[in-house]
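Welcome! Please have a look at the structure before reading on.

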Amino acid sequence: MTLPARVLVIDDDESIRTAVASSLRAEGFAVRTAGDGDTLVEDLASGRPDLVVLDWMLPGASGIVLAARVRSVSDAAVVMMTARDELEDRLRGFAEGADDYVVKPFAMAELVARVTAVLRRRGRIPSVVEIGDLVVDPDGATARRGGALLDLTATEFRLLCFLAEGRGRTLSKAQILTQVWGYDDIDPNIVEVHLSALRRKMEAHGPRLIHTIRGLGYRMSAERVAA
């Protein structure tokens, strides 16, 4: 049996820290938390996290300083939470060791998806995702439904991977545009166009798995969902 990936969450805002920890635990991660980085080295040694979620603005040593500290004593990945979204800040974060980042305010589904993606790239969690009779293999770039190989475009496959990684959660059009297309300032109807094509290909081999949640977005689930 594979042990759950271990995540350390450091944020001085208790409400954010608690919400992030709860969302990650709901996805099966083993989570520890801290309100600052004063005991970071000890936490890394005792908890041996696979990934650290760091707030940039912390009392004492900042998240950017702590990211470099993580890199110096551990092989844990780092995902930054920050309100600083200027290119210069992002580049500095990556230079100091961040693997990814989310800009505040953010949806918990986006943070969970980014944490999952980073850990998957590092081989810490299984690449293959199974939802009912759907099997998605991001590393192998294949998707099968009921054993049948789905013939998907590159965009459809990226869309399927994002929905599969966020299975059970409602994902908004804005989140999908950001994660699949890389930006959200284009016509959101493009999501519906590609989702319709993806659904047709999937539903040729089985019942609906991608559900529309009216006014909110879309959810991937093998169970029936009330719209």
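## An aromatic pair

This is a predicted model, and a search through the whole of it turns up 1 aromatic pair. The partners are Phe 94 and Tyr 101: their ring centres are 5.8 Å apart and their planes meet at 70 degrees, so the pair is edge-to-face. The angle decides the name, because planes over 60 degrees apart count as edge-to-face.

## The annotated domain

The UniProt record, an unreviewed entry, places the feature "domain: Response regulatory" at residues 6-119. Over that stretch the chain is 46% helix and 22% strand, and its end C-alpha atoms are 10 Å apart.

Asp 38 lies in the loop between strand 2 (30-34) and helix 2 (40-47) and is exposed, with a relative accessible area of 60%. Asp 38 and Pro 59 are 21 residues apart in sequence, and their C-alpha atoms are 9.4 Å apart in space. Ser 74, in the loop between helix 3 (63-73) and strand 4 (77-82), is buried at 18% relative accessible area. The side chain of Ser 74 reaches the backbone nitrogen of Ala 76 at 2.9 Å.

As background, nonpolar side chains tend to be buried together in soluble globular proteins. In this model, the largest nonpolar core has 29 residues, and those with the most contacts inside it are Leu 134, Leu 160, Leu 163, Ile 176, Met 202, Ile 210 and Met 220. Elements that each supply at least two residues of this core include helix 5 (108-121), strand 6 (129-131), strand 7 and helix 8. Which helix gives the most to this core? That is helix 6, with 7 residues.

Leaving out residues up to four places away in sequence, Leu 134 touches Val 129, Arg 144, Arg 145, Leu 150, Leu 160, Met 202, Leu 209 and Met 220. A second, separate core has 21 residues, among them Val 9, Phe 106, Val 118 and Leu 119.

Helix 8 covers residues 189-203, and its 15 residues should span 21 Å at 1.5 Å a residue; the end C-alpha atoms are 21 Å apart, which agrees.

The buried residues of helix 8 are Val 191, Leu 195, Ala 197, Leu 198, Arg 199 and Met 202. They pack against strand 7 (134-137), strand 8 (142-145), helix 6 (154-165), helix 7 (173-181), strand 11 (210-213) and strand 12 (217-220).

## A buried charged residue

Now turn to Glu 165, which is placed in helix 6. Is Glu 165 buried or exposed? With 14% relative accessibility, Glu 165 counts as buried, because the cut-off is under 20%.

The side chain of Glu 165 makes a polar contact with the side chain of Arg 120, at 2.7 Å. Setting aside residues up to four places away in sequence, Glu 165 touches Ala 113 and Arg 120.

Pro 138 is found in the loop between strand 7 and strand 8 and counts as partly exposed, at 23% relative accessibility. Pro 138 and Arg 121 are 17 residues apart in sequence and 10.0 Å apart in space, C-alpha to C-alpha.

## Backbone details

A cis peptide bond joins Lys 104 and Pro 105, with omega at about -5 degrees. Pro 105 lies in the loop between strand 5 (100-103) and helix 5.

Arg 48 is not a glycine, yet it has a positive phi of about 45 degrees. Arg 48 sits in the loop between helix 2 and strand 3 (51-55) and counts as exposed, at 58% relative accessibility. Ala 141, also not a glycine, has a positive phi of about 55 degrees. Ala 141 lies in the loop between strand 7 and strand 8, and at 53% relative accessibility Ala 141 counts as exposed.

Terms used:
Residues numbered from 1 in each chain as written. Predicted model: local features only at pLDDT ≥ 70, side-chain atom pairs only at ≥ 80, totals over all residues. Heavy atoms only, no water. Phe/Tyr/Trp six-rings, centres within 6.5 Å; stacked < 30°, edge-to-face > 60°. Helix = DSSP H or I, 4+ residues; strand = E, 2+ residues; numbered from the N terminus. Expected span 1.5 Å × (residues − 1). Buried < 20%, exposed > 50% of the residue type's maximum accessible area, 1.4 Å probe, protein only. Contact = heavy atoms within 4.5 Å. Core = buried A, V, L, I, M, F, W, Y, C linked by side-chain atoms within 4.5 Å. Polar contact = N/O pair within 3.5 Å; in protein donor to acceptor, adjacent residues only side chain to side chain. UniProt positions renumbered as here; feature names shortened; annotations may be inferred.
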